[in-house]
Amino acid sequence: MNFVSQKSFICLVIFWGFVVCDAAITYMNQKIPAVLVFGDSVVDTGNNNNIQTPAKCNFPPYGRDFIAGKPTGRFSNGKVPSDFIAEAFGVKEILPAYLDPNLKTEDLLTGVVFASGGNGFDPMTNVFANAFTLGDQLNFFKEYKEKIKAAVGEERSSTIVSKSAYILCTGTNDLLNTYFGTLSLRVDINSYTDFLISAFSTFIKDLYGLGARRFGILSIPIIGCVPSQRTQRGGLQRNCFEDANKAALLFNSKLVSAISSLNSTLSGAVFLYFDIYNPLRSLIENPAKYGFEVANKGCCGTGKVEVTLLCNSFDDPLTCKDDTKYIFWDSFHPTETAYRTLVNMLLTDLRSML
């Protein structure tokens, strides 16, 4: 699958993967050489493995449905969106972590993940989780550029940098952990989301300045309905935490506006906005329609609070046997099956246009 257009434009992937694009779009049938991913635990494939952080999952039962049942640091039972997006773009099936000690040159040339579980736009969010900041991830990318230049020369490395797909997925931890965890009584949500959007725009401009041109931006999902928020803030009935959902929608609306502004100022840039909020909402509200049975708790443990270090035993008798029936793997992250379903929902109509 290819990014599209010979001019700067924005392409919005809305509910059900329906795509709204500028009428003047023309298509550019050039293969994407690599997928490069920045952000948080939804897309981290193992960068947190060797640092001191509570946002870590390189142990069972994580990864039980991955290759050879191996826990890799992916925050799920198997593959995560980084892998599925790289597969959809026709690049490769597994997208490794940049800090994987077994990384090979070919891995670098076809793409890696710089993301870090616990990451956010807000520096305070990264302090709480001891996660790699977006600034850290940019520095990794700078190192990456030098490595591929040394491996294949300046001309080919420049092509890889300019033609690759750059995926960004973060912001959830800012809202759930930082804002609703510590700031909501002192800062209004409108001001805080403005702050996050400013940080987003700065990051994209920095990445653009390093040669990136093809951007895929994931929205914040329906975070108030993840199992942990139902348990912590949903009352006795474990309802969705609607304040968080409203905050996510506010952020997402500002994100679309920010992308539109960047699109008009960054010459030659291509943006795809991936709405995750509505597809995940559809799965949660209509689980049987998509082949799921459980939507309000995760597979790991009781499914109500367990995440990362609390999901630490393959033999936990409470952990579900068939995670394909569950939308969520732990109390925060979806299962591989749910991730695959979501990515397919986003990309089906876009594929038909290429």
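## The second largest cavity

Let's start inside the protein: Phe121, Leu168, Cys169, Thr170, Phe200, Ile217, Leu218, Phe251 and Leu255 line the second largest cavity. Here a cavity is a set of points on a 1 Å grid over the protein atoms alone where a 1.4 Å probe fits but cannot get out, and lining residues have an atom within 4 Å of a point. This is a predicted model, in which local features need pLDDT of at least 70 and side-chain atom pairs count only at pLDDT 80 or more, while totals for chains, interfaces and linings use all residues. Residues are numbered from 1 along each chain as its sequence is written, and side-chain values use heavy atoms, without hydrogens and water.

The volume of the second largest cavity is about 30 Å³. At least two lining residues come from each of β4 (165–169), β5 (214–218) and α9 (242–265).

## The largest cavity

The structure holds two cavities of 30 Å³ or more, and the largest has a volume of about 300 Å³. Of its 22 lining residues, Val42, Pro221, Ile276, Tyr339 and Leu342 are the closest to the centre. Helix α11 gives the most to this lining, with five residues.

## Helices α6 and α7

Turning to helix packing, α6 (residues 172–183) and α7 (residues 189–209) pack at about 140°, with axes 12 Å apart.

Terms used:
Axes are lines fitted to C-alpha atoms, for helices over the stretch in contact, and angles run from 0 to 180 degrees between N-to-C directions. Helices (H or I, at least four residues) and strands (E, at least two) are DSSP runs, numbered from the N terminus. On a 1 Å grid over the protein atoms alone, a cavity is a set of points where a 1.4 Å probe fits but cannot get out, and a pocket is an open set with protein on both sides within 12 Å along at least five of seven lines; lining residues have an atom within 4 Å of a point. Grid points are joined across faces, edges and corners, and a volume is the space filled by probe spheres set on the points.
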